[in-house]
Amino acid sequence: MSEGMPEDLAALIKEKVVHCFQCGSCVGSCPTARAIPEYNPRRMMEELILGRWRGVLSGRMIWLCTLCHTCYEVCPQGVGISHIIVELRNHAARMGLAPPEYLNNVRQVASTGWTSPLTGAVQRIRKELGLPEVKTAGVEEVGRLIELTELGRMMGEQRS
Amino acid sequence: MRYAFFLGCMIPLRLPHIERATRMALEAVGVELLDMEGASCCGEPISIQSLDREAWIALAARNLCIAEEMKADILTICSGCYETLKTANVSMKRETSLRERINEKLSAIGKEFRGTIEVKNIIEVLGEVGEERIKAHLKRPLKGIRVAAHPGCHLLRPSEIIQFDDPMRPVLLDRLIRLLGAESIQYPKKMLCCGAGLRLVDLEKANKLVEMKLSLIESAETDCIVLVCPYCMIQYDLTQRMIKREDKAPFNIPVLYYSELLSLALGFSPSEIGLRFHRTSVEPLLKKLP
Ligand code: SF4
Ligand code: SF4
């Protein structure tokens, strides 16, 4: 069942996830579960314990978490769900399964150093408010760092 | 008291009026703000952390290095930036192997993380300024104003890293609101997330979450919502205008960033801090000000 599972994911499941005793406190405190009834972090942990990690990684559910870390605080077993979800997303992304909206955000940061464009309208408002001009964001350095990480490879693959 | 002022992206590029109020209010109570030359996006806690945690830490580390060179602690005004920079700072101080991997990447751009500074949020810094000193500057105490505080998520959690206020029963934002003479009211589901983290993949459901919160706040008869994060601000202030209710009139609840509320109490006028740039009108609140 755990055949082919990346080593660090296997270790994380063994150290953290297996201690989940399915109490559901994470679900009760989860904002996404309130807005989207199919979203269920308890079930996600159950699937992982049962070895169905491929389904979890390829599904849409892991991308619906707001990373509010409430489940992290309320879990009586110290599972640290929100951290597990970040790890699952990282693995899914390496397998090319990241939603395009996420990659678009990175593209914006890689090309401008920021998540939002500096528009003429904002520049005018800043001037009107007597605010200093926005400084450069060190965009060459930001781009270089991204190139040096796994993220850079993901972006490259998406382009080609 | 001097800080490397980390602006992030959302406030300077989308909500510059918050930057204006923050600069005016903090300088008025004696905090010197040093601009960070070359600072970029913090590292981005939702998409970049989710795609590659190590890239997230590396981008944050670059910003930390700029403050280290300035020999100043960082002051953040966005809870996303706070979580990002604080996580990177604390994790690299704790884990030697992570720090070495990141420093190897940083060496390509001529930087090195040394672990010589701290990362703070605006509530924390105002706490350091001290209640007495803030009080001494107040010109217009906000008597009779009922405020619904929304502390938000990343200011407080994960507690293992953040270690700021109580992660589920915070008190510090409420205390700062009361300091200005206003009342910090109780309302159900106060600690529930605003839903901003869901906007990227499911805008409709993100809106549903904030609508739920706005309804509860509305029935608690509040004069305004007060928060400390630009993502929460977009959710409450901008999304509020887009929600159409079949059976009721549109929501009309003013939303202020804490430094805007503080600026009003310090005697700054609504026009000099640019309150006109809010999407949901703040007029109902201004009419009630003493
Ligand atoms: S709160 Fe913890 S133990 Fe309970 S179901 Fe969720 S992950 Fe499992
Ligand atoms: S971190 Fe994600 S799974 Fe946990 S409570 Fe928040 S939205 Fe739900």
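I began with the second largest cavity, where α2 (25-29) and α4 (41-49) of chain A each supply at least two residues of the lining. Helices here are DSSP runs (H or I, at least four residues) and strands likewise (E, at least two), numbered from the N terminus. The volume of this cavity is about 90 Å³. Its lining has 14 residues, and A:Cys20, A:Cys23, A:Cys26, A:Cys75 and A:Val79 lie nearest its centre.

I noted the ground rules. This is a predicted model, where local features need pLDDT of at least 70 and side-chain atom pairs count only at pLDDT 80 or more, while totals for chains, interfaces and linings use all residues. Residues are numbered from 1 along each chain as its sequence is written, chains are lettered from A and ligands numbered from 1 in the order in which they are written, and side-chain values use heavy atoms, with hydrogens and water left out.

On a 1 Å grid over the protein atoms alone, a cavity is a set of points where a 1.4 Å probe fits but cannot get out. A pocket is an open set with protein on both sides within 12 Å along at least five of seven lines. Lining residues have an atom within 4 Å of a point. Grid points are joined across faces, edges and corners, and a volume is the space filled by probe spheres set on the points.

How many cavities of 30 Å³ or more does the structure hold? I found 4. The largest cavity has about 210 Å³ of space. I listed 19 lining residues, with A:Val134, A:Lys135, B:Leu7, B:Met36 and B:Ala39 nearest the centre. In chain B, β1 (2-6) and α2 (16-28) give two or more residues each to this lining.

The largest pocket has a volume of about 930 Å³. Of its 37 lining residues, A:Leu12, A:His83, A:Glu87, B:Arg53 and B:Glu95 are the closest to its centre. Which element gives the largest share of this lining? I found that α7(A) does, with 7 residues. The second largest pocket holds about 550 Å³. There, α12(B) gives the largest share of the lining, 3 residues.

Last, I looked up B:Ile74. Leaving aside neighbours within four places in sequence, its contacts (heavy atoms within 4.5 Å) include B:Tyr3, B:Phe6, B:Met36 and B:Leu85.
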